[in-house]
Amino acid sequence: MPRQFFVGGNFKMNGVAQSITDIVKNLNGAKLDDTTEIGVAAQNVYDKPNGAFTGEISVEQLRDNKINWAVIGHSERRVILKESDEFIARKTKAAIEGGVSVIFCIGETLEEREGNQTIEVVTRQLNAVAKELSAEQWAKVVIAYEPVWAIGTGKVATTEQAQEVHAAIRKWLGEAISAQAQENVRVIYGGSVSEKNCRELATQPDVDGFLVGGASLKPAFVDIINARI
Ligand SMILES: O=C[C@H](O)COP(=O)(O)O
């Protein structure tokens, strides 16, 4: 069965009631590809079930609010908030065991790309999570490949660059996890995706959707959701 196209809008720390209402109205009024999976996700979750952790949110609190997805490992949290591979892996495990699926973000910095370390970096990030999850739990993961140099810069990865890394991730899934994971786990791309570049990226065999930042706040987000029609 083909993998279902998956598009996430990452609003980050943007928006107020009025602007978010406008975005939702625009989405509700648009004709959206009904084969594309979209939904509401939290931008973070903590690895402990509850307790004195000011400012954090638990898996149970997400579930209580009918939020069944969380973004974990975004480079802004890895870099600005110094989240380690191990902490991110523990959060991923806690989310999945508590019934929340995970958009797990990985990607290299510009320096790492220029040092030909892209595959090494994403493999390290994936291996950290692989230590925590069973092969079956990968069914609850969507991997978002987001090169840090492409995030919010307007510098999108070329279709070849994206496909090359996505194919390497898929190969890793087969070798490190299972043939089933290799076949079924979605690998989506993020980093300056726009209504202009989404269609070409979506033609790539291993690009199963997008994680969209800036453009998800604009009416053109609809065109990205509809990139395959
Ligand atoms: O999670 C989304 C990414 O950080 C991409 O952000 P961007 O589309 O603004 O480059």
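In which sense, left-handed or right-handed, does α4 pass α6?

Modeller: The crossing of α4 over α6 is right-handed. The contact draws on D85, E86, I88, A89 and T92 from α4. Facing them are R124, Q125, A128 and V129 from α6. Sorted by class, this contact holds four nonpolar, two polar and three charged residues.

Keep in mind that this is a predicted model. Its chain has a mean pLDDT of 97, and 100% of its residues reach 70 or more. The predictor also gives the complex an ipTM of 0.99 and a pTM of 0.98.

Now the geometry. Two packed helices are described by the angle between their axes and the distance between the axes. Helix α4 covers residues 85–97, and helix α6 covers residues 118–130. Their axes come within 8 Å and cross at roughly 45 degrees. Angles from 65 to 115 degrees would count as roughly perpendicular, and those under 35 as roughly parallel. The two helices are therefore oblique to each other.

Next, follow α6 to another partner. Helix α7 spans residues 159–177. The axes of α6 and α7 come within 11 Å, crossing at roughly 40 degrees. That makes this pair oblique as well. Here, too, the crossing is right-handed.

Look at the residues that meet. From α6 come T118, I119, V122, T123, L126 and A130. From α7 come V165, A168, I169, W172, A176 and I177. By class, this contact has ten nonpolar, two polar and no charged residues. The contact of α4 with α6, by comparison, includes three charged residues.

Conventions:
Residues numbered from 1 in each chain as written. Predicted model: local features only at pLDDT ≥ 70, side-chain atom pairs only at ≥ 80, totals over all residues. Axes fitted to C-alpha atoms, helices over the stretch in contact; angles between N-to-C directions. Helix = DSSP H or I, 4+ residues; strand = E, 2+ residues; numbered from the N terminus. Parallel < 35°, antiparallel > 145°, perpendicular 65-115°, else oblique. Left-handed = near helix turned anticlockwise from the far one by under 90°. Contact = placed C-beta atoms within 7 Å. Nonpolar A, V, L, I, M, F, W, Y, C, P; charged D, E, K, R; others polar. pLDDT = per-residue confidence, 0-100.
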